[in-house]
Amino acid sequence: MIETVKSSIVNHPDTPISNAVLAGMMVYTVQVPRDPDTFGPSGDGDIWHQADRVFSQLAHVLECAGSDMRHVAQMTIYLVNQDDAAGMNEVYKHYFPTAPYPNRATVVVKQLLGPNCLIEIVVQAMRKQVAA
């Protein structure tokens, strides 16, 4: 059974995409930098600003799903500019400071759907084990 993760980050009602879903013990989510007031995609700021926003949103969604950053198993990061990889990695290290690190791929793409968005992440994480 697939369930929608309830969080303060939601897509526009006309968009047929869940921000995050649960499937058993797995959490699946995609994060783009969003405006903190409207939650619409926001390409404001440089890669450090956008990456911090994306990873902060990820932490929030994972908490709502009964998980956290230590339970991220795999991540695909999409960047518009190859030169932004170093800045993104600086922010990434703040959110993932110790091993084991998520398995990760970083892909450079021509463009993302969000206006002026420089980064998008696709994440698979495990939920925390619940004590019986």
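This is a predicted model: local features need pLDDT of at least 70, side-chain atom pairs count only at pLDDT 80 or more; totals for chains, interfaces and linings use all residues.
**Exercise 1. Describe the order of helices and strands along the protein chain.**

Solution. Begin with the inventory: the protein chain holds two helices and six strands. Next, walk along the sequence, and the pattern reads β-β-β-α-β-α-β-β.

**Exercise 2. Decide how the radius of gyration of the protein chain fits the rule for a compact globule.**

Solution. Start from the length, 132 residues, for which a compact globule would have a radius of gyration near 14 Å. The protein chain has 14 Å, so the value agrees with the rule. For a view of its extent, the C-alpha atoms fill a box of roughly 45 × 40 × 25 Å along the principal axes. Now look inside: buried residues make up 39% of the 132 residues. Finally, turn to the contacts with a separation of 6 or more: 69% of them come from residues 24 or more positions apart.

**Exercise 3. Work out how helix 1 and helix 2 meet, and which residues take part.**

Solution. First locate the pair: helix 1 covers residues 47-64 and helix 2 covers residues 85-95. Their axes come within 9 Å and cross at roughly 30°, and the crossing is right-handed. Then find the residues in contact. Helix 1 brings Ile47, Trp48, Ala51, Asp52, Phe55 and Ser56, while helix 2 brings Gly87, Met88, Glu90, Val91, Tyr92 and Tyr95. Sorted by class, this contact has eight nonpolar, two polar and two charged residues.

**Exercise 4. Find the salt bridges and trace how they are linked.**

Solution. The count comes to two salt bridges.

- Step one: arginine 70 pairs with aspartate 68, and their closest N and O atoms are 2.8 Å apart.
- Step two: lysine 128 also forms a salt bridge with aspartate 68, here with 3.5 Å between the closest N and O atoms.
- Step four: join the pairs. Through shared partners, Asp68, Arg70 and Lys128 form one network.

**Exercise 5. Classify aspartate 68, arginine 70 and lysine 128 as buried, partly exposed or exposed.**

Solution. Buried means under 20% relative accessible area and exposed means over 50%. Aspartate 68 has 14%, so this residue is buried. Arginine 70, at 69%, is therefore exposed. Lysine 128 has 36%, so this residue counts as partly exposed.

Notes. Residues are numbered from 1 along each chain as its sequence is written. Side-chain values use heavy atoms; hydrogens and water are left out. Axes are lines fitted to C-alpha atoms, for helices over the stretch in contact, and angles run from 0 to 180 degrees between N-to-C directions. Helices (H or I, at least four residues) and strands (E, at least two) are DSSP runs, numbered from the N terminus. A crossing is left-handed if the near helix is turned anticlockwise from the far one by less than a right angle, and right-handed if clockwise. Contact means heavy atoms within 4.5 Å. Ala, Val, Leu, Ile, Met, Phe, Trp, Tyr, Cys and Pro count as nonpolar, Asp, Glu, Lys and Arg as charged, and the others, Gly among them, as polar. A salt bridge is a side-chain nitrogen of Lys or Arg within 4 Å of a carboxyl oxygen of Asp or Glu. Buried means under 20% relative accessible area, exposed over 50%, partly exposed in between (1.4 Å probe, protein chains only). The radius of gyration is taken over C-alpha atoms; the globule rule is 2.2 Å times the number of residues to the power 0.38.
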